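Please look through the model below.

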Amino acid sequence: LHLSIRRQRQMCIRDRGDIQGCYKEFKLALKKVNFNLEKDYLWLVGDLINRGPDSLKLLKHVYKIRKRTHIVLGNHDLHFLACFYGQRKLAKADTISELMKSKESLKYAKFLMKQPLIFKKKIVFKNKSKKVIMVHAGIPPNLSLKNCIDLNKEFQVALKRNPKRILKKVFNNSFSKFSKKMSEIDKIIFFVNALTRIRACNHKGEIDFNFKGRINEIPKELNAWFNFKNSIFSGNSQLIFGHWAAIKGKTKKENIFGLDTGCVWGDKLTIMRLEDNKRFQIKRIKE
């Protein structure tokens, strides 16, 4: 969830994997890396809430330090927004009832609606620099960085203008691959689903949204999204993502880092310090 870099010896940026309401582990993680609000920035790869026990506490804390955080939305964050705006019903496995009933739920909904699906920034440290890109799940093979940035802007404008329309369509998506022939709204909907739910694609770059297993369980006709060539991963670029807990953060790539290591499922919360890509982990606290 958390990545840390030192910029001009003054600024440290840390990035975390999916928190999903695991507030106690989140607090322990901040303490373990000596997170400093005056010097550090916190990058959060999405799925801040749901399935874990303390979604409301987690959002309260993140909101308090919002000026020192960079966030991208995950599928669970979008699910909360869809439920909040009456476009979905809570599922049995959801743990966001307290958040939904909170007097501050509107404030947190508006806060999440302002967050992007992709974030990029040039990081400078120790006379070196690199471009860091953050998404929740991944990027499909046929979308360039410019495509993603443009579609993200369109998504944020559309969500602000009519949240009910967008949030209803997001969860009724039927597209597996991006096409220039799509309508503008369909392009946005595909983009949202791709960046928050992708795991594996076929040789045509079409996303299989049903596959959720481990790398060694991927069918022969599919491959992990990060194994496809994409200009986004070239040069001095580094990509951070969460979502796919089953792979335990392992991609076998030098510049693509998975950070969701399944804390909410009883495993660990992972933090990565960006300046040297060193990882820190907090074990799930047993209730």
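**Hairpin, patch and loops**

Strand 13 and strand 14 form a hairpin with four residues between them, and N277 in the turn has a positive phi of about 60°. This is a predicted model, in which local features need pLDDT of at least 70, side-chain atom pairs count only at pLDDT 80 or more, and totals for chains, interfaces and linings use all residues. Residues are numbered from 1 along each chain as its sequence is written, and side-chain values use heavy atoms, with hydrogens and water left out.

Helices (H or I, at least four residues) and strands (E, at least two) are DSSP runs numbered from the N terminus; two strands pair if DSSP finds at least two bridges between them. Strand 13 (residues 268-273) runs antiparallel to strand 14 (residues 278-283), and six bridges join them. T270 stands opposite Q281 in strand 14.

On the surface, K24, K27, K57, K60 and K64 gather in a patch of positive charge. Accessible areas come from the Shrake-Rupley method with a 1.4 Å probe. Helix 1 (23-32) and helix 2 (55-64) each supply at least two residues of the patch, and helix 2 gives the largest share, three residues. K64 lies in helix 2 and is exposed (over 50% relative accessible area), at 70%.

Most residues other than glycine have a negative phi. N34, in the loop between helix 1 and strand 4 (40-44), has a positive phi of about 55° and is exposed at 60% relative accessibility. N50, in the loop between strand 4 and helix 2, has a positive phi of about 85°; N50 is buried (under 20%), with a relative accessible area of 0%.

Conventions
Patch = residues over 30% accessible without salt bridge, like charges linked within 9 Å, V, L, I, M, F, W, Y side chains within 5 Å. Salt bridge = Lys/Arg side-chain N within 4 Å of Asp/Glu carboxyl O. Lys, Arg positive; Asp, Glu negative; His and termini not counted. Charge placed at Lys NZ, Arg CZ, Asp CG, Glu CD. Buried < 20%, exposed > 50% of the residue type's maximum accessible area, 1.4 Å probe, protein only.
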